[in-house]
Amino acid sequence: MQAKQLRNAHVALAVGFVAFGTVDGAWVARLPAIKHRLGLDSGRLGLAILGVSLTATLLLTASGWLSSRFGSRGPIFIGLLVVAGALTATAFAPSFAALLPSACLIGAGFSIVDVAANAHGVAIEEIERSSYPTPWSRS
């Protein structure tokens with residue numbers, strides 16, 4: 001891989017993680033407003049948060065398959081679209097019953113983006129490691 005391609009891969013990785021952090025931060029920052037608007041108690045809000053975490057965890061294997069099958073670019077883009085759509089849905093959710101599926105979609109998008117971005121980072125490390133022979137290198 002040429003130096004320019006490697007630099008572009010690094011930039012893409014940074015952009016992916018910044019975008020992931022931005023949407024994650026947007027979700028977390030909106031939680032108090034969602035709780036207030038829907039009149040949720042802490043238990044119901046906790047269930048919505050659990051929905052995000054549980055869905056993200058359950059989809060790790062599927063997210064890994066997506067990344068291994070299609071590379072990292074497509075899954076990162078799709079995952080961010082899923083999260084953006086789900087964040088929009090949570091903003092307009094009229095009830096807890098509508099919030100919960102939206103929260104699960106956020107978790108699905110988080111899982112896809114997280115796995116794909118980390119797989120991209122590992123690929124970059126592998127390329128860099130093979131470029132510099134060291135006693136720890138696998139090449």
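**A surface patch, a pocket and a helix residue**

Leu-50 counts as partly exposed, because its relative accessibility of 45% falls between the 20% below which a residue is called buried and the 50% above which a residue is called exposed. The model in which this value was computed is a predicted one. Leu-50 is found in helix α2, which covers residues 42–58, and together with Leu-47, Leu-54 and Leu-58 this residue makes a nonpolar surface patch of about 400 Å².

The largest pocket of the model has a volume of about 220 Å³. The residues that line the largest pocket are Ala-9, Ala-12, Leu-13, Ser-72, Arg-73, Ile-76, Phe-77 and His-120, and when these residues are sorted by class, the lining has 5 nonpolar, 2 polar and 1 charged residues. Two helices, α1 (3–38) and α4 (73–92), each supply at least two residues of this lining.

A further position considered here is Ala-123, whose place is in helix α5, formed by residues 96–131. The relative accessible area of Ala-123 is 38%, and Ala-123 is therefore partly exposed, since that class holds the values between 20% and 50%. Along the chain, Ala-123 and Trp-65 are 58 residues apart, and in the predicted model a distance of 15 Å separates their C-alpha atoms.

Terms used:
Residues numbered from 1 in each chain as written. Predicted model: local features only at pLDDT ≥ 70, side-chain atom pairs only at ≥ 80, totals over all residues. Heavy atoms only, no water. Patch = residues over 30% accessible without salt bridge, like charges linked within 9 Å, V, L, I, M, F, W, Y side chains within 5 Å. Areas by Shrake-Rupley, 256 points an atom, 1.4 Å probe, with all protein chains shown as cover. Salt bridge = Lys/Arg side-chain N within 4 Å of Asp/Glu carboxyl O. Helix = DSSP H or I, 4+ residues; strand = E, 2+ residues; numbered from the N terminus. Buried < 20%, exposed > 50% of the residue type's maximum accessible area, 1.4 Å probe, protein only. 1 Å grid on protein atoms, 1.4 Å probe; cavity = no way out; pocket = protein on both sides within 12 Å on 5 of 7 lines; lining within 4 Å. Points joined across faces, edges and corners; volume = space filled by probe spheres on them. Nonpolar A, V, L, I, M, F, W, Y, C, P; charged D, E, K, R; others polar.
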